Amino acid sequence: MIRLTVRGIASQCQRGRRLIIALWVTCALNGLVKAEVGFNRIVRSILSDHCYRCHGPDPNQRQADLRLDVRDEAIKINDAGRAAIVPGQPSESLVVERIESHDVDAIMPPVDSHKKLSDAHRALLKQWIAEGAKYETHWAFEPLVIVPVPQVRDASWVRNPIDRFILSKIEQQGLAPSCQTEKETLIRRAALDITGLPPTLAQIDAYLLDTSDSAYEKVVDQFLRSEHYGERMAVDWLDAARFADTNGYQVDRDREVYAWRDWVIGAFNRNLPFDQFTIEQFAGDLIPNATLDQKIATGFHRNHMMNEEGGVLPEEFLAEYLADRVETTTAVWLGQTFNCARCHDHKFDPFTQRDFYGLKAFFNAVPEPGRGHYEKPIRESNPPFLALPSPDQLARQSQLQSEVDSLTKQIAALPKVTLDQLDAWVTQLNAQELKWFNATFVQIQADKQSASVSDDRQWLSFDAHGDRNLGFTAKLSPLPASVTAVRLSFASELAESNVRLRDLQISIVARDASSELSRLKILPRVVGNSVSVEELAKAFDTDARSIAVLKLGKNSPASAVFEIAHQRSTSAATVELTANLKFSGVTEPFCMSVQWCEQSSALLVPSKINNVARKGIASLSAEEKKQLLEFRHAQSAEFQALSLRLSEATKQLDELQREIPTTLVMAEMDQPRPTYVLMRGAYDKPGAEVAAKTPEVLPPMNPTYPKNRLGLARWLVDPRNPLTARVTVNRFWQAIFGTGLVRTSEDFGAQGEPPSHPELLDWLAVELMHSGWNVKSLLRTILTSATYRQSSRVTPELLRADPDNRLLARGPRFRLQAEFVRDAALASSGLLVRKLGGPSVKPYHPAGLYEQITAGNGTNTYVVGRGDDLYRRSLYTYWKRSVPNPAMLVFDAPFRETCSLRRPRTNTPLQALNLLNDTTYVEAARFLAERMLREGGSDSDSRITHGFRLLLARRPKAEELRILRDSFERATADFERDPQAAQSLLAIGDKAADASLDRIALAAMTSVASTILNLDEAITKE
Amino acid sequence: MPIHPPLANCSRRLFLGDATACLGASALATLLSGDLRSASPLMHLTAKAKRVIWLTQAGAPSQLELMDYKPNLLAHFDKDLPESVRGGQRLTGMTSGQKRFPVAPSRFRFQQHGQAGVWFSELLPHTAKLADDICVVRSLHTEAINHDPAMTLLQTGHQISGRPSFGAWVAYGLGSMNHELPTFVAMISRPSGPTNAQPLHERMWGAGFLPSKFQGVRLSSGKDPVLFLSNPGGINPARRRAMLDDISALNRLKFNDYQDPETIARIDQYEMAFRMQAAVPELADLSREPESTFQAYGPESKKPGTYAANCILARRLAERGVRFIQLYHRGWDQHNSLPSGISSQCYDTDQPSAALVSDLKQRGMLEDTLVIWGGEFGRTVYSQGTLTRDNYGRDHHPRCYSILLAGAGICGGHTHGETDDFSYNIVRDGVHIHDLNATAMHLLGIDHTRLTFRYQGRDYRLTDVDGQIVNSILS
């Protein structure tokens, strides 16, 4: 077993550069052929892997003052009169001496580096030196030029230039391309590649019937015109853009940026040229006369995470966000690993730390906070953002605003209180003291036995500890008929502390002699030193995050007072106050009582006013009189009524503002923040100040471009930039063939893998630019090539010669991306809701995942959506960074915390469990079964064939049909014996089963449909 | 013999002839694969540990209350922490507005335990009984001062997310030891007390840039201990088996036609899924455990989802060949009311943690199991908020804290490292997170500098560019 495993490993690993250097190694080892060893193809990777760490671009790591990445340096004669490399003379070269040394102290690479050159490596290096040690510019930095299309032997196979590049390599290896695949397989392949959905039966049938030469081209064009194209293309772009619906890091609250996702879908669908696609996402806001759409596009660079953890420092995380933008930009557009240059000059590629911070400076002018505040509404926590009101919302907004304006005017026009009236009131106030009486608690519900009641039932005491829920009823007596106000009082004997109140619900009910109830209206008031009305309001609102804080002194109680707004009937026999509330963050024991008073409401005044009034009208200053007049004015019934309406209207306006969708965008500060090189990348170790500048080694920015994000974007898509077009076409190639021409699609540097077909890569890149960055046209060229149309069958010969299909002597065959696995099941079953765009939705999800790991008390829960929300395409699924959708994760979706350009493709039992048992797929199987029974004709063979075609596009072969027919018959017999099981199976999922269908047949067909849904082919593009 | 799918990113150096350079190749074993190696042929060293049980105390337990005994602090009650001790240490946003940094001596009594006389406080009576099996490291330190970066560093060797967790590295490097369960399992419990629980992230047991099959599989209490494990209503095991036979037969027909090895891998994974459907419920079903087990693990151990119940599961996972078992118990973040909060946390964890170690020992498994107990950083000697003799809070402290180690290759009854009188700075034998990880890797038979994975052109490893093996804690 172990031996087999090890052999397996060797064969697994004989991949990668096999194509490129297999021949070289064989030749070098056998000494059979003496062909020239290329620097780009062979030598750079050997030197980079084994030597550059200490003898490469980074001066801080450089040993012995020797660098091998620059020829002049490598051949320089040292003090001892020798050179590391003597072109043409391996035996004179110090490099050769050291790599062949047997002395553990002298051998290179050093023993403790754990790097080791193989015999093949040494042979290749010696041959390269013997051949003159010619250096070449790294292939990815070479300017893009028009590439001649190669000649091939079998020109009849060729449909477009792509095929010549591919075929010439295949022929060089003595292989032949595969034949064109079956029409059903081809249309399914193209549909999945372009729309992410399987083709419909109508599309398949039309294609099968179309015998014209351009039948397939028509199909490709049809798919490219579908609006699902934009959705399919957006999926890869969302990974690149690290798009998610939450902020990430510890707090991980929801953010709103789905309008940007809609923009991406739309941009692909209207075939926005890739250069413009780039410019609008970087700097839509800086384009003269920018449209709303162009501003929304700038959400691209706001998709990074944002930290709201209480203890972090703003500058610490601002540095992270900016570094993220640099790393994302350089990875997505330039295919470079700039994260290495954040702390030091790049060890393998010619980028300096200054280059990193030069790029950072382009992004360092966004008016954004480094740290969010989790206590604030999310929008205020993470500016800048754009509000996107609907026309209806705009209308309501202006209507509410004019109501607010009008009420404000009416209030201003109310008659003022006269001095006589004031005099009378002051006299009344000074004649009486306000007296409070304790109410009696009659019922108490407190969690965890945290409250205890005093013997006279007039006080509740609480121990100290975290959060508490409390509900109680208190009876006001003995003279309830004349209650004018109630008060909740809190007191602590021990220490100062805060009582935090939220979710306060309070009601006062009067009961007359015949037990008739009447609910009394109450209004918060400030009386004496009670808490302000604004503060108290925080306890009443529905926002769980807003909390009223009552400050308790050692011997100064805190209180909340409510006036009884409407006089109760004098016949009331009892009055009861019932309240529910939550305390939080309690740190000290405290006690509470309910009190009431029965005096005139004219006496319910704050201490501040009372103290003034106590002086008597005669001794008041003009200022004090004014203060009292204003207070009385505000207490008048008319004022109160209007104020109430005003606060209602203001509240509605606020609520409307909160309903209006927003989206995160970029904006530019007038004065950019200064940017410094950060020593070792640390936010608190600034070095030299740097200006916005593109990397030194790449063609400079056109001097007429502005030195801001707009200029940077235009530089990225400047035709002289050798990287953007190469990197971009490679990613599209990867999306279709599963592997890029450069396999390391995120790394076009020295440590990345060179292209399998360098000329084809360049040809495609030039094509893209010459077509005006036309993405649909590029995809059409790829999809209509003979290369793409090949059968994906593997032969033992091909598997041996090219296990990873890098030569493309066969068509692509690989598992669908997570999103498309689910989308295909929904689409085939007819469950898919084909609505484009909009806020993220919450489809089925295992219960309890959020509660286990998110913040707080396990109350953060995933609420499964309803109706259409359950059946939207997967790119609309809510993406929480701390707990991404588990079914997506199981199928290799990234966390979306940082840019990701290449997903792994694993094959695990967890995937099988998901497809077999997740409600999503059980319900989809039932719906597919319903279609099979309803639309599939009258016998089981035709019904099974129908379902097979809906999912796999092709008809089952005889043997496949036999297995599925047996399966159906077995399941039918089985469910007939156990009809309860059939019922249970049919009950799964939100949508009810079609009642007109026979239960047993539907259950049996559901089991057949689930079988088909679980086939390797069902989740594979073939 | 299953045919394995290609490893996504195997180093090209391997092809050039240097097979040993690409350790990760052993990871060709798929997640949960049938590759039953007790010792990987690519392991560098003799392994003392076959598996790891990491008892992660999330939120940061206070070392001052548990094992870093500081008797001299009593004399400093409510006096300011000398500036010379604080030495410019960064403060968190929680205490940066505080005018004073008054020293809060621990309210709890300490005693020496075992032959070796290891100091433990009264909060850990059960752990203290195992003093001679446990190594206390008092000098662990980290760089991060806030939960998310610190937990990310503890788990992945880096403060910024995106790298593989320790468990994922081990799954990648050493592969599976069983046919029916995941290689790396994570379990999470909430505090029973009213303490606030800091959030975690799925990525903390994620695979980072390693293929996602190496990520930890979350095991929960409830109907589906592993996500999507149970058959849907109406599908009993016989029906499932029959369906799987059909799926397998159809997939074989596909393979005959297309010859794609991935199809065979798919068949194998469906079979593995079926085995998991039987193995996981059997694993999670504690009803067959004798009463003595529950007595040993304490009163909470009968409640599914508690830390105590998870400790029993940890032992059962270990018995069934799971290589990396990570528990998380949340709720250690006592910025205020620390004495009552930590008492409640210790009620949750002390007895079950100790019972787990004794249980492994009794079964002869402690000798090849590495058990680690600890959090993401320590807590400050000065009080946050109100300070009385009996009540105080403590803020985050990255410069030093304590963890416990036991089991395979660990020197029991040993106390490593020393902090100053304020448990504020390390005065002797500091251990960085990278050193801890390097040491744990060493015990697993892996040279931490050689288990690497190439991503974005760089060979990454768990210990970044650091990590020294702490030889003095090894037996």
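Student: In which strand of chain A is Ala510(A) found?
Tutor: This is a predicted model, where local features need pLDDT of at least 70, side-chain atom pairs count only at pLDDT 80 or more, and totals for chains, interfaces and linings use all residues. Residues are numbered from 1 along each chain as its sequence is written; chains are lettered from A and ligands numbered from 1 in the order in which they are written. Helices (H or I, at least four residues) and strands (E, at least two) are DSSP runs, numbered from the N terminus. Ala510(A) lies in strand β8 (residues 497-512) of chain A.

Student: How much of chain A is made up of buried residues?
Tutor: Chain A has 39 helices and 19 strands. Its C-alpha trace spans about 120 × 90 × 60 Å along its principal axes. Of its 1022 residues, the buried share is 47%.

Student: How far apart are the C-alpha atoms of Ala510(A) and Glu959(A)?
Tutor: Along the chain, 449 residues separate Ala510(A) and Glu959(A).

Student: Glu959(A) is in α37(A). How are α37(A) and α7(B) oriented to each other?
Tutor: Helix α37 (residues 958-977) of chain A packs against helix α7 (residues 237-258) of chain B at about 175 degrees, with axes 10 Å apart. Axes are lines fitted to C-alpha atoms, for helices over the stretch in contact, and angles run from 0 to 180 degrees between N-to-C directions. Under 35 degrees is roughly parallel, over 145 roughly antiparallel, 65 to 115 roughly perpendicular, and the rest oblique. α37(A) and α7(B) are therefore roughly antiparallel.

Student: How many charged residues does the contact of α37(A) with α7(B) have?
Tutor: Contact means C-beta atoms, placed from the backbone, within 7 Å. The residues involved include Glu960(A) and Arg970(A) of α37(A), and Arg239(B) and Asp246(B) of α7(B). Ala, Val, Leu, Ile, Met, Phe, Trp, Tyr, Cys and Pro count as nonpolar, Asp, Glu, Lys and Arg as charged, and the others, Gly among them, as polar. The contact of α37(A) with α7(B) has 5 nonpolar residues, 1 polar, and a charged count of 6.

Student: How do α12(A) and α13(A) lie to each other?
Tutor: Helix α12 (residues 228-240) and helix α13 (residues 258-269) of chain A pack at about 125 degrees, with axes 8 Å apart. Among the residues that meet are Trp237(A) in α12(A) and Phe268(A) in α13(A). By class, this contact of α12(A) with α13(A) has 8 nonpolar, 3 polar and 2 charged residues. The orientation of α12(A) and α13(A) is therefore oblique.

Student: Which elements of chain B do the buried residues of α5(B) pack against?
Tutor: In helix α5 (residues 147-156) of chain B, 10 of the 10 residues are buried, so the rest of the structure largely encloses this helix. Those residues include His147(B), Met151(B) and Leu154(B). Gly157(B), with a positive phi near 80 degrees, follows α5(B). The packing partners in chain B are β1 (51-58), α6 (166-174) and α12 (433-443).

Definitions and conventions. Buried ≥ 20, exposed ≤ 12 C-beta atoms within 10 Å, placed from the backbone. Contact = placed C-beta atoms within 7 Å.
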